[in-house]
Amino acid sequence: MSRPVRVMKPWVVRDYMKCSGCRLCEIACSMKHEGRMWPEASRVRVFMLVPGAEVPHLCTQCSDYPCVSSCPEGALSVNDETGAIIVEDEKCISCGACIRACPGEVPHLHPEGDRVVICDLCDGDPECAKVCVEAGYRALYKGTRTSSKNYDLYAIKPEEITKNLVVNLYGEKGEELYK
Amino acid sequence: MIPGYNGKIAEVDLTTGKVSDFHPDEETLKKYVGGRGLATKILWDRLGKRWAEVDPLGPENLLTAFTGPLTGYISGARICVSGKSPLSNGIVGSTAGGEFALELKCAGYDGVIVKGRSETPVYILVTDGHVEIRDASKLWGFDGKETIKAVNEEVRALLKERKPGFGLWKEPGLIYIGPSGENMVRNAAVMQKWSHACGYGGYGAVMGSKNLKAIVAKGTGPQPAVAYPDEMPKLWEMTKEAGFSGPQRNLWGTGAAGYSTGVEASAEPVRNWQDEWHDEKSIGVINFETRNWVKRCWSDYGCTRACLKLAVVKTGPFKGAITDNPDYELQAYCGANLGIFDSDGVVYVSTVIDDLGLSGINSANTMGFAAELYQRGILTEEDFEGIKPVWGDAKAMGELAWLIAERRGIGDVLAEGTFRAAKAISETKGVDVMKYAVQFKGIEVGAHGIRTGKHFPYLGYAISVQGGDHTSIPRPPMSEARSTIGDTMVICNMGTPRGVPDIIWRYMKAVTGWEMTQEDWINVNGMRIIQIQRAVLLLGGPDVFWDPEKDDDNPERWYDPLPSGPYKGLAPDRDELMEQRKTAYAEMGWDERGIPTSEELNKLGLLDVDAALKPLRR
């Protein structure tokens, strides 16, 4: 008898320094979820607070899911298989509790205003990662996650990542460009 | 509502502060589509009757920033800026990539028309269905990097205040001017990001003349609905496939040509076109690649090609300089043209030019012209306020760019662009320096020479309606009408899939529902745009009027035989070209004096253009 294999959950690995800023991830996500090109309805949004320091911003599936427990309407749940957050649109009252609960302020309201949008990992086969790999950047690609706290670190505001990236890219000059 | 369009252009009068919507009718859109085409039509309708009297830097001029129906649907989202050009006194469609065009479309507008002049510095903010004029006193004087930083902070805070529950707001997209545009330097660019320029045409000066620092947009809506939504994913897949497999992408972008266009093609500006050949391996792409690039692929929204790279100087006197690539044009103009053949130096000069909001092609052409006058002792250290613009001295060239941007010393004359500066200096110094001015109808030429006869056509720029603009020339057997496509649909010429037949027209059908063919475009729609552009170029004014007999010609320098390299001794034969020009005129529907004929204009339905040209035909 072989030992039971621990099933790893899918995760979108992010390698910020490799992001070209092309936003093909936003296009792929919105085409999948909205049926059209709609950057602000995309579940992954690329922030460019400083040109060159592009930050794809999306849910990291925290080990303790603070967004889920914050929802007063029980509109958020976790998919057992993928670990992704699932938003029940009908229950969501767009109160913003989940946005405030997320350490990285990852969720945002759908531009139509009546519901929040959060990455659902496309049922385990995320379109954003697919197109990024296809394009050859691998700034986003499909990997796996464990319950390690390390993954929680990626629930971080783009401002914080930008502060680091500008130094990585531009050295001391980067500190001038973004404080 | 026409699919692919928002059907609405924001019109802002900076004199009165009035904001309104302009709705182009379907017939106009079908004929002129967007970008360069629509700008040409609107400029003609509104200013055509008084064209020669309209001061490009006066409040009467219009500044247009238009998208096209394909913007954002096809790889790379660009914006097309236009108006009456302070360089050519005609119309130039000037585009740059970035996120502004997409934000504008997602905010519900297809473009912005600005008229009048504000008393104090302002910027225009476009958000979902809303346009406002805001104070920009704090931004005035800022370079590109400072401008973007300040605008991002202010607008993100404003959006958060207005819609606090939305979540994090992304940064807006913007087009803006640097200090050179504020000072109405005639070849100042309209900038996007840090280093993307609507360079040709001098529209940075037009914005400066209106006290307009920036146009900023943040939209949250979708791209406009299209006519055939089922077609879109198919076309998008083809676009991606073509983009991802293109030979240029991920590798060098256009930046490898800084070496190869010199060594292989003998068609690169070297020391103000005194030569076009060099074999300086130190400017080879491998140096940028291994020393300066911190991102090998850098893109704007929706790009499938990534021909840009992010370049940084990490050490030495130019430490902290940041630009893209530089691409071929800037490697050539801020490098070889100034005798600079090291990657740090080229990145540095490109960065200074970007930061000041100058056009890298046009202003660096003027800098090369000035450096040659220094070489020849016509201009002295005194004229340059102590700067010695010696070939190859990147630091001095950076200082020269500042001199021009701030209009100090001879910089005030050079700020008028190469042609006007050459006229003025010829007068003050009593020497003919026009022979060192490599420009066409006021527009400094792109970094592509003609003297070998193999690179760019002999009679391209000379009869172009956009002068020295290397993106708008006839490439026989194609007329210049071909070049209106990209600037009118407003798509990226680099990102549009090649090798997919009729891809643009398939996109046009899927997005707008209109059946169009390349043949029709080149013969009718594109030609209409070209004829109006030709007409206004000939009407010109108020400070300069072009004479086709004299001005539909190459600059003197391009008749000098190439002094070195494998094509040494080659130059076009002027008499032969003047014969060819007759044929070219006829093919364009122009008379023997280069004026569009009544027959041609009537055929295209341009009766008012014909009427306006009558005085010229006498």
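**Notes on the two-chain model**

1. Read from the N terminus, the order is β-α-β-β-α-β-β-α-β-β-α-β-α-α. Keep in mind that this is a predicted model.

2. Buried residues account for 47% of the chain. Of the contacts in chain A with a separation of 6 or more, 61% link residues 24 or more positions apart.

3. Now the interface: 37 residues of chain A touch 37 residues of chain B. On the chain A side, the elements giving two or more residues are helix 1 (24-34), strand 2 (45-47), strand 6 (108-109), helix 4 (127-135), helix 5 (158-170) and helix 6 (172-177). That side of chain A splits into 20 nonpolar, 8 polar and 9 charged residues.

4. Over in chain B, there's an open sheet of 6 strands, ordered 8-7-12-9-10-11 with mixed pairing. Strand 8 (130-135) and strand 11 (196-198) of chain B are the edges; each has a single partner strand, so one side of each lacks a neighbour in the sheet. Twist from one strand to the next averages 20°.

5. At the strand 11 end, strand 10 (190-192) of chain B pairs with strand 11 of chain B in the antiparallel sense, over 3 bridges. B:Met191 sits opposite B:Ala197 of strand 11.

6. Helix 4 (144-162) of chain B lies across strands 7, 9, 10 and 12 of chain B, at about 45° to strand 12.

Key:
Residues numbered from 1 in each chain as written. Chains lettered and ligands numbered in written order. Predicted model: local features only at pLDDT ≥ 70, side-chain atom pairs only at ≥ 80, totals over all residues. Contact = placed C-beta atoms within 7 Å. Helix = DSSP H or I, 4+ residues; strand = E, 2+ residues; numbered from the N terminus. Nonpolar A, V, L, I, M, F, W, Y, C, P; charged D, E, K, R; others polar. Pairing = 2+ DSSP bridges. Axes fitted to C-alpha atoms, helices over the stretch in contact; angles between N-to-C directions. Buried ≥ 20, exposed ≤ 12 C-beta atoms within 10 Å, placed from the backbone.
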